[in-house]
Amino acid sequence: MRLYPPAWVIARSANGDDDVAGHPVAAGDWLFLSPWVTHRNPEFWPSPDRFDPDRFLPEAVAARHRHAWIPFSTGQRKCIGDQFAMMEARMVLVTLMQRARFAARPGQQVTPEPLVTLRPQGGLPLLVTPLALGEAKSAAPLRAVPEPPPARSSRCPFPFH
Ligand code: HEM
């Protein structure tokens, strides 16, 4: 949800003339906010490309700007399903991890594809090893995940600007 936010860009059109951080905005202009970019801003996320779930410990969250993590947008039009989506994702993950281990193939590259939502180009085929009943506790720790792709800058990597 931080490194690969499904809603990687959020659009707004200006109701009236305005000024955003010194940039003039005319009525009707489109503005794009990118959670992808904000979620990789080193001002809020040291070593932004590193996957580190501890960034979401309560004390870390409390110390960070409240808009540094905006996978569900923010303000009046914020997603109404945010709590539901996070709970659902955890339940799906727990259910799957109780039954199997999932691994990328050696050397497998995953290329993000920025359509309306962000998705892995060509899908995400994984090697699935089913676990025997009760094996989940002794199986490999859940944090043994591959590192994300090599460092990207916090600039939006997509080609339209
Ligand atoms: C990972 C899952 C989800 C993500 C990343 C997500 C993301 C977002 C984002 C970024 C917006 C704001 C769009 C904008 O401002 O232009 C939004 C709006 C909305 N989402 Fe979600 N969403 C998710 C799941 C859900 C679920 C499960 C529901 C319903 C149960 C839901 C219902 C809505 C609705 C109704 C809005 C419009 C709110 C409004 O305009 O007042 N979303 N979502």
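1. Which side chain of opposite charge is nearest to Arg2, and how far away is it? The side chain in question is that of Asp49, at 6.6 Å. Arg2 is buried yet has no salt bridge. Here buried means under 20% relative accessible area, exposed means over 50%, and partly exposed lies in between (1.4 Å probe, protein chains only). A salt bridge is a side-chain nitrogen of Lys or Arg within 4 Å of a carboxyl oxygen of Asp or Glu. As to charge, Lys and Arg count as positive and Asp and Glu as negative, while His and the chain ends are not counted.

2. On the basis of this note: the model is predicted, so that local features need pLDDT of at least 70 and side-chain atom pairs count only at pLDDT 80 or more, whereas totals for chains, interfaces and linings use all residues. Residues are numbered from 1 along each chain as its sequence is written, and side-chain values use heavy atoms, with hydrogens and water left out.

3. Arg2 is found in the segment before β1. Its side chain reaches the backbone oxygen of Arg50 at 2.9 Å. This is a polar contact, a pair of N or O atoms within 3.5 Å; within protein, one must be able to donate a hydrogen and the other to accept it, and residues adjacent in sequence count only if both atoms are side-chain atoms.

4. The count of salt bridges comes to 3. Asp49 pairs with Arg40, the closest N and O atoms being 3.0 Å apart, and both of these residues are buried. Arg50 forms a salt bridge with Asp52 at 3.4 Å between the closest N and O atoms. Arg50 is partly exposed, at 38% relative accessible area, and Asp52 is also partly exposed, at 22%. The side chains of Asp82 and Lys78 meet at 2.1 Å, N to O; Asp82 is buried, at 13%, whereas Lys78 is partly exposed, at 33%. As a general point, side chains of opposite charge can pair when their charged atoms come close.

5. The ligand has 15 residues around it, of which Arg12, Phe72, Arg77, Cys79 and Ile80 come nearest. A residue is near a molecule if one of its heavy atoms lies within 4 Å of it. A polar side-chain atom of Arg12 lies 2.6 Å from an oxygen atom of the ligand, and an N or O atom in the side chain of Arg77 is 3.0 Å from a ligand oxygen atom. The elements that give two or more residues to this shell are β1 (10-13) and α3 (82-97). Helices (H or I, at least four residues) and strands (E, at least two) are DSSP runs, numbered from the N terminus.

6. The iron atom of the ligand has a single donor from the protein, Cys79 (SG), at 2.3 Å. Donors are N, O and S atoms within 2.8 Å of the metal (3.2 Å for Na, K and Ca); water is not among the atoms, so sites may look incomplete. Cys79 lies in the loop between α2 (58-63) and α3.

7. Two backbone angles deserve attention. Most residues other than glycine have a negative phi. Ser47, in the loop between α1 (35-38) and α2, has a positive phi near 45 degrees. Ser73, in the loop between α2 and α3, has a positive phi near 65 degrees. Ser47 is partly exposed, at 45%, whereas Ser73 is buried, at 15%.
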